[in-house]
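I opened this notebook to keep track of what I looked up, one entry at a time. Each entry begins with the place I turned to and ends with what I found there.

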Amino acid sequence: MSSESSLFSHRWLPALLLAPLMLLIVLFFYVPVFQAFYWSFFLEQPFGGGSEFVGLQNFQRVLSDPEFWGATGRTVVFMLTASSLAVVVPLMLAIAADRKIGMSYPARNILVWPKGIAGASIGVVFAFIFNPFVGLMAPLNSLFPGLWNPGIDGTDAFITLVSAHVWSGIPFNFVILLAGLRSIPPTMYQAAAMDGAGPWRRIFDVQLPLIMPQLFLTFVLEFTESITSVFALIDTITGGGPGGSTTLLVYKIYVDGFRGFDLSGASTQTAILMVFVLLLAACQFFFIGRRINYER
Amino acid sequence: MTAIDLSIRAAAAEIALIGVTKSYDAKNTIIPPIDVTLRPGEFTVVLGPSGCGKSTLLQMIAGLERVSSGKIVIGGREVQDLEPKHRGCAMVFQNYALYPHMTVAENMAYSLKVAGVSKAERAERVGTVAKMLGLADYLTRKPSQLSGGQRQRVAIGRAIIREPGVLLFDEPLSNLDAQLRHDMRVELAELHRRIGATSVFVTHDQVEAMTLADRILILNKGHIEQFDTPKAIYHHPASVFVAKFIGSPPMNILEVEGDGSVLRLADGQVVANYSAKGKFQLGIRPEDIAVNEGGSIKTEIRYREDLGSHEILETKIADQNLRIAMPFGVEIDTTQTLSLSFPQARLHLFDGETGRAIANAFGDAHSAPVKEYQ
């Protein structure tokens, strides 16, 4: 501490430098969070004109709504499948790029590029790629009519969503996992090779245990982020359909609040979603995080 | 040492390198063709300055580096194209390379586990090796909870647990402090005697080489300067490179010129009788120089280092550095001019151009012909 305070002898300068960021965080994160919790205990008029304290009535209403449970179920399924794939796919790519195989150097570069693309743009591109008539699956569709149509089949729409999410998650997770793999000393592999472990064995016995901190980080971030970041993809690819089959909680909140003008219901669901995410992260840290070996 | 059951005992294998080369491209040849045979059970130390190719040589034997050409034969089997695990070698790494996520027992047993050895037998073998290395109390610890010396022991245990025919050491003691290095050296020598595997030990430390080796292989820019017993290398260095590399302080090398009857320094002083003409390099160990015994070579002391057991005097003759080692108890007046003589029997003569030793230059028993390496 002493060295830091000697670096910044001014009392107000650090505060001043932090102020813009703090202002943004408070304005766009803490205030809305507080408001959502506040509103979840009030009945808001859709067209303004005062609100009325209703206690836990909003929660009763939301929790007895089968559509809420449907959206929650889909959110959990999405979270499990999309997040897992969004870690496992970059993991495989990182393990491959870590080896001195052909093209691994350009691959390390190229695989990071999708980071620069906005979620909505990815959505538009994937809507096109998975279009049943002109997209990737079109030739299959002409062979087996009706095999693939995300516009009609809910499962197809869900798969499209998961694919787009996994693809958009590659750059960040790839970079984190590759960095973890690169930091394993080469003699560790040599030692394993001398011990008789082949390349596959080395992945499971040496590489994966040694990048546990990175794997854990990507999983925690993915699990919590997939729930909210999927909004842009749903909005551009499926619009929640067909038949609500891709209406995840975060999209339902938007639809309820801004299309159905059920501000209280949306706020309540937001509060529930936030608590869920917090609990999820806490559980991960509590049950898995403490067992991770950070020693090198 | 108490008598311990010799249940870890290897069937030592002969290692033969036949025309082995290593190059990364046409310009960068790390190892020119090398031919050498290491006898079964022999402890060979590969000694050389950094970048001489000694680690590359070791890695090629281990199978961690491919040979560019040539053959490696271990125990009568050509292995240069085999995976490391099929070569019957085990290796101890410089930075130990222990698996940080495994306990000491798991680290040592890992190769057995990969080989499909049963759990019961693994535990038994780990027990034996741990007892041998004094690690029995640390089996459940992680490497991060061990001291440097203990980690080194685990690394050795991991290598010997499979009873390999060949044990490879890649500068295993260089991360330890001086005292520990000495203790580990003693332990390694003891261990080698008991296990009996053919051992190849790479180092740049001449003390390790002199104390551990049955034979020392001195490598310079990838080629073998000399391959012989420590004694022979010390007393009959095959080249100026070897002479300068072995001994502390190293051998003095003086540029001399022969006129057909004597060898003279650049300033005309006569240092020895010799019947050939031409340029030579004359070597004499610091401890072999006779001081103030009526010698004709005059010099002044420039600097003295008292090391307790002996003293090192730094002087110059004919503008060339000369170190003299004086035994304890000999009083020297540092202000006076020294008179030196070089006992003929203690001189080494090297070719002025190639730097190779000229055998029997002074025709006596001491300068016996230098044995060629096999």
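This is a predicted model: local features need pLDDT of at least 70, side-chain atom pairs count only at pLDDT 80 or more; totals for chains, interfaces and linings use all residues.

**Entry 1, one buried residue.** I began with B:Ile284, which counts as buried because 23 C-beta neighbours lie inside 10 Å (buried means 20 or more other C-beta atoms within 10 Å, exposed 12 or fewer, partly exposed in between, with C-beta atoms placed from the backbone). I found B:Ile284 in strand 14 (residues 277–284) of chain B; helices (H or I, at least four residues) and strands (E, at least two) are DSSP runs, numbered from the N terminus. Leaving aside neighbours within four places in sequence, I listed the contacts of B:Ile284, among them B:Met251, B:Phe342 and B:Leu347, where contact means C-beta atoms, placed from the backbone, within 7 Å.

Residues are numbered from 1 along each chain as its sequence is written, and chains are lettered from A and ligands numbered from 1 in the order in which they are written.

I traced an open sheet of six strands in chain B, with mixed pairing and the order 6-7-8-3-9-10; two strands pair if DSSP finds at least two bridges between them. Strand 6 (89–92) and strand 10 (223–228) of chain B stand at the edges with a single partner strand each, so one side of each is left without a neighbour in the sheet. Strand 9 (residues 215–220) of chain B runs antiparallel to strand 10 of chain B, and five bridges join them; I also noted B:Gln226 in strand 10 as the bridge partner of B:Ile218.

I looked up B:Ala97, in the loop between strand 6 and helix 2 (104–114) of chain B, and found a positive phi of about 50° although B:Ala97 is not a glycine. B:Ala97 is buried, with 24 other C-beta atoms within 10 Å. B:Ala318, in the loop between strand 18 (310–317) and strand 19 (320–327) of chain B, has a positive phi near 50°, and B:Ala318 is partly exposed, with 17 other C-beta atoms within 10 Å. Finally, I noted a cis peptide bond that joins B:Ser248 and B:Pro249, with omega about -5°.

Conventions:
Two residues are in contact if their C-beta atoms, placed from the backbone, lie within 7 Å.
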